[in-house]
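Q: Could you walk me through a structure, one feature at a time?
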Amino acid sequence: MTSQIERGYAKGRARRQQILDEAMALFGDVGYRAASLREIAARAGISHPGLLHHFTSKESLLLAVLERRDETDSAQFDLTASSGAEVLRHMLDLADYNATRPGIVELSCVLAAEATSPDHPAHEFFTDRYERAVRLCIDAFEEARDAGQLNSDVDPEHAARSFIALMDGLQVQWLLDREGVDMAGTLRQHLSRQLKGDF
């Protein structure tokens, strides 16, 4: 009996994962507003009511996609468990990794732009996400300063906001010119002017 229940849960988790994958791909292709739950369900090989069993609305599906992406990246690149210059090095690793997954980069750029509208369902998510990202980088630059790794003329808050802006701007440039833009390389050069040591 228990094994049947466990198999049912495993099947449900796998189906949920498949829906998230298809939603992520479609949101990246056409944007959130143009994507439909029926299309996502069809791509996942299930009915529209079947999708609604896992996600009760398009908004809940979008937020699940965004949360899953951030949780996966944070865990893979140890962003919250590191400190100081090490956080920034891990963010360079993330930029390198992003160059291998254009669909995710497209999704991020499209949704971030769409979510500037206050009535977008992901508006609050992206507002909070930017606040967390900037805070993470401010802390990293301050810790680097306290460790003697930051050049004396660099302000941690300004450096953090500039770094996030550069990271996001480079994603758009890279989507337009994937051969000519080196996201991680440009970020690395930028950090090397602010921090002591090798990047």
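Q: How big is the largest pocket here?
A: A pocket is an open set of points on a 1 Å grid over the protein atoms alone where a 1.4 Å probe fits, with protein on both sides within 12 Å along at least five of seven lines. Here the largest pocket has a volume of about 560 Å³, meaning the space filled by probe spheres set on the points. Of its 23 lining residues (an atom within 4 Å of a point), those closest to the centre include Asp70 and Arg129.

Q: Before we go on, what kind of model is this?
A: It's a predicted model: local features need pLDDT of at least 70, side-chain atom pairs count only at pLDDT 80 or more, and totals for chains, interfaces and linings use all residues. Residues are numbered from 1 along each chain as its sequence is written, and side-chain values use heavy atoms, leaving out hydrogens and water.

Q: How many aromatic pairs are there?
A: Rings of Phe, Tyr and Trp (its six-membered ring) pair if their centres lie within 6.5 Å; planes under 30 degrees apart are stacked, over 60 edge-to-face, the rest tilted. The whole structure has two such pairs. Phe77 and Tyr97 sit 5.6 Å apart, centre to centre, with planes at 50 degrees, so they're tilted. Phe125 and Phe126 are edge-to-face, at 5.5 Å and 85 degrees.

Q: Is Phe77 buried or exposed?
A: Buried means under 20% relative accessible area, exposed over 50%, partly exposed in between (1.4 Å probe, protein chains only). Phe77 has 10%, so it's buried, while Tyr97, at 30%, is partly exposed. Phe125 and Phe126 are both buried.
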